[in-house]
Amino acid sequence: MAMTQSRARALLLAPAGLWYVTLLVFPLAVVLIFSFGERNPIGGYAPGFTLEQYANLPSRFAAFRNTLTLAPLGTLAALIIAYPLAYYLALRVSPRWKTTLLILVIVPFWTSILIRSYAWIYLLGGNGIPALLEALGIDSIRLINTPFAVLVGIVYGYLPLMVFPIYVALDKLDKSLLDAASDLGTPPWRSFVQITLPLSMPGVLTGSMLVFILLTGEFLIPAILGGGKVFFVGNALVDLFLQSRNWAFGSAVAVALIVIMLIVVALYARAIRRFGASRDDVGIM
Amino acid sequence: MTDKTKPITRQKFIEELRRYEKGSISRRHFLEATGLGTAMMVMGGAMPGLMPGRAHAQDLGDRVVLATWPNYHDAANFDRFKDEAGVLTQVNVFGSNEEMLAKLQAGGSGWDVFVPTNYAISTYVEADLIEPLDLSKLSNYDPAAFDQRFADAGTINGTVYAVPKNWGTTGIAFNSNKTGGIVDSWKTFFDGARDQFDGRVMVHDYQLTTIGNALVYFGHSFNSVDPAELADAEKLLIDVKPHLFAISSDYQPSMRNGDAWLTMCWTGDGKQMNSDMPEIGFALGREGGEIWSDYYAIPKSAPHREAAYALVNYLLAPEVNAREALAHGYPVADARTNALLPEALLKDPILYPAAELLSPLEFGAAVTLTDPNRAELMARFKSA
């Protein structure tokens, strides 16, 4: 009996295990090995063992700085916009409209992010929003190819990934808790802060992680809406692998990015858990 | 097999056609059984233009993969190639020679034909990624018809690795309504970027041309890898960067909508914009700049080698090449093709600039492409 059970478990785990080894462990090992190698004189990778690539990391400081400021900023902006939307969808909208509105949130995903980013070139370009503002008497301003344009693109592109986890968390919320709080004379803002917000925290955590992790690897939106002037680590990686073909250094940059991301995500998860723990006195979490 | 001298009956022909449509016999069997193959061979023999070389004599497979540059072909030519040779051309578009090289170096590209620029070919040979060409399979390639300047980079140590496709220059495209006239020097280009054209200038996202033209600004060689001269170029580029509209090789949309007034520009893009919007002009930098030549080549790893030869040979046929040139607006080095092009095109100052304007231009060198210092300079410029 025990034998069959463990065999069944092994069988069930096999696909996931195979997936992890071939698509996660193996490529990561290759990147790690490459990062200690050298650049082949005509480009590519030459085997070796040197820490030279890691010593050279400060030359990409600006790329790390841009990524590590715009990624958290983009995550925060997406969160601020997504939360009220998810709240509305989960708790306020009539069931008749719910499905339609939820589908509308996903609709943009039916088109490639590349095409949608190109649309923003025209919206933010000289003949788009700036021309509209000028017609309204506001002096012409440059929007396209600025960090602001990249931020707009980021929030636009990643919003649904933030909306859905928060929506799911709020949708599962036990409404009787809110009724009880109201019966006991709690003002609505207090029941939001003490009940709704803490209970939606898992959704906020998931959404923020999802958006932040994807943003740290982002290269398309800065390239298209930043006009090549807003340089992310993702752009540095694309250049290192496809232009200067310095695979060894590119691998070291990738390893550094993964390490930084792991640290940031671990700190973030701990902070959120602390936040949850401090609410324990309310007796909800 | 059926007796090839006896004409096929009408009923038998329809039967064979149905079998071919259902897929129960091959195209080759169909052509043989119906005598159509023989008919095509006879007609092809009489009118060589109808047949892409020995295409029908051997099995080419059903597809060929071409790695090339954006806006660089007449799509209708690929349809004709499909009709004539039964081979579907799959086109992959790339942004730089480095990107192509990286994909071939990584392996498994699946390409049959690609389009390297003059300075990249020796690196492919060194890396053993490129096939020495069997010229007997390229009957449409006539070395005597080509201007040697645009053909000689394809031959390395006496072996032909690549045959010429098109040539061109890297100059300046300007919107004369905004710039108030012609901009034909890199001095005006870089100085204006920090002055009267502030926020309106674009440079390529490509180290070869962006660094090269910054070097030319100081009177250095476009191909310089001298550290002191590169330091000059770096200082200029970093000083100009905050004033640039963008660092991007996709400059047509921004030039066309008026956001950008001035950009580094390849010949064909200049021609395409000028044809649609006459206020956008194209000029060569008086101090110099780049002249280049693209080639057709076959990677060693080509999965459909015979189809690759057939496609290159087809595209080199003068009447096919002339249709290509009419579509993409890049000059051709083949005298036989030029004889078929309209007079107006041959006199076009964008496509075929006067000889004295071309003389200060330089061909990119192999080291210019692979020099690690230039690559790092570009990275510092982009992340500054």
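Student: In what order do the elements of chain A run from the N terminus on?
Tutor: This is a predicted model, to be clear. The order in chain A is α-β-β-α-α-α-α-α-α-α-α-α-α-α. That gives twelve helices and two strands.

Student: What does the C-alpha trace of chain A span along its principal axes?
Tutor: About 80 × 75 × 35 Å.

Student: And how many residues of chain A count as buried, as a percentage?
Tutor: 33% of the 285 residues in chain A.

Student: What share of the contacts in chain A comes from residues 24 or more positions apart?
Tutor: 73%, taking contacts with a separation of 6 or more.

Student: Let's zoom in. Where is A:Ile33?
Tutor: A:Ile33 sits in helix 1 of chain A, which covers residues 2–35.

Student: Why does A:Ile33 count as partly exposed?
Tutor: Because A:Ile33 has 14 C-beta neighbours inside 10 Å. Buried would take 20 or more, and exposed 12 or fewer.

Student: What separates the C-alpha atoms of A:Ile33 and A:Gly48?
Tutor: 9.1 Å, with the two residues 15 apart along the chain.

Student: Switching to the contact between the chains. How many residues does each chain give?
Tutor: Chain B gives 28 residues and chain A gives 26. On the chain B side, helix 5 (97–106), helix 6 (121–126), strand 8 (244–247) and helix 19 (372–383) each supply at least two. By class, the chain B side has twelve nonpolar, ten polar and six charged residues.

Student: Now helices 13 and 14 of chain B. At what angle do they pack?
Tutor: About 75 degrees, with the axes 5 Å apart. Helix 13 of chain B is residues 305–316, and helix 14 of chain B is residues 318–328. The two helices are therefore roughly perpendicular to each other.

Student: Which residues meet there?
Tutor: From helix 13 of chain B, B:Tyr314, B:Leu315 and B:Leu316. They meet B:Val320, B:Asn321 and B:Glu324 in helix 14 of chain B. That contact has four nonpolar residues, one polar and one charged.

Student: Last topic, strand 10 of chain B. Which residues point which way?
Tutor: B:Ile280 and B:Phe282 point one way, B:Gly281 and B:Ala283 the other. In a regular strand, side chains alternate between the two faces of the sheet.

Student: Are those four buried or exposed?
Tutor: All of B:Ile280, B:Gly281, B:Phe282 and B:Ala283 are buried.

Student: How many bridges join strand 6 of chain B to strand 10 of chain B?
Tutor: Four, and the two strands run antiparallel. Strand 6 of chain B covers residues 162–175.

Student: What is the bridge partner of B:Ile172 in strand 10 of chain B?
Tutor: B:Ala283.

Terms used: Residues are numbered from 1 along each chain as its sequence is written. Chains are lettered from A and ligands numbered from 1 in the order in which they are written. This is a predicted model: local features need pLDDT of at least 70, side-chain atom pairs count only at pLDDT 80 or more; totals for chains, interfaces and linings use all residues. Two residues are in contact if their C-beta atoms, placed from the backbone, lie within 7 Å. Ala, Val, Leu, Ile, Met, Phe, Trp, Tyr, Cys and Pro count as nonpolar, Asp, Glu, Lys and Arg as charged, and the others, Gly among them, as polar. Axes are lines fitted to C-alpha atoms, for helices over the stretch in contact, and angles run from 0 to 180 degrees between N-to-C directions. Angles under 35 degrees count as roughly parallel, over 145 as roughly antiparallel, 65 to 115 as roughly perpendicular and the rest as oblique. Two strands pair if DSSP finds at least two bridges between them.
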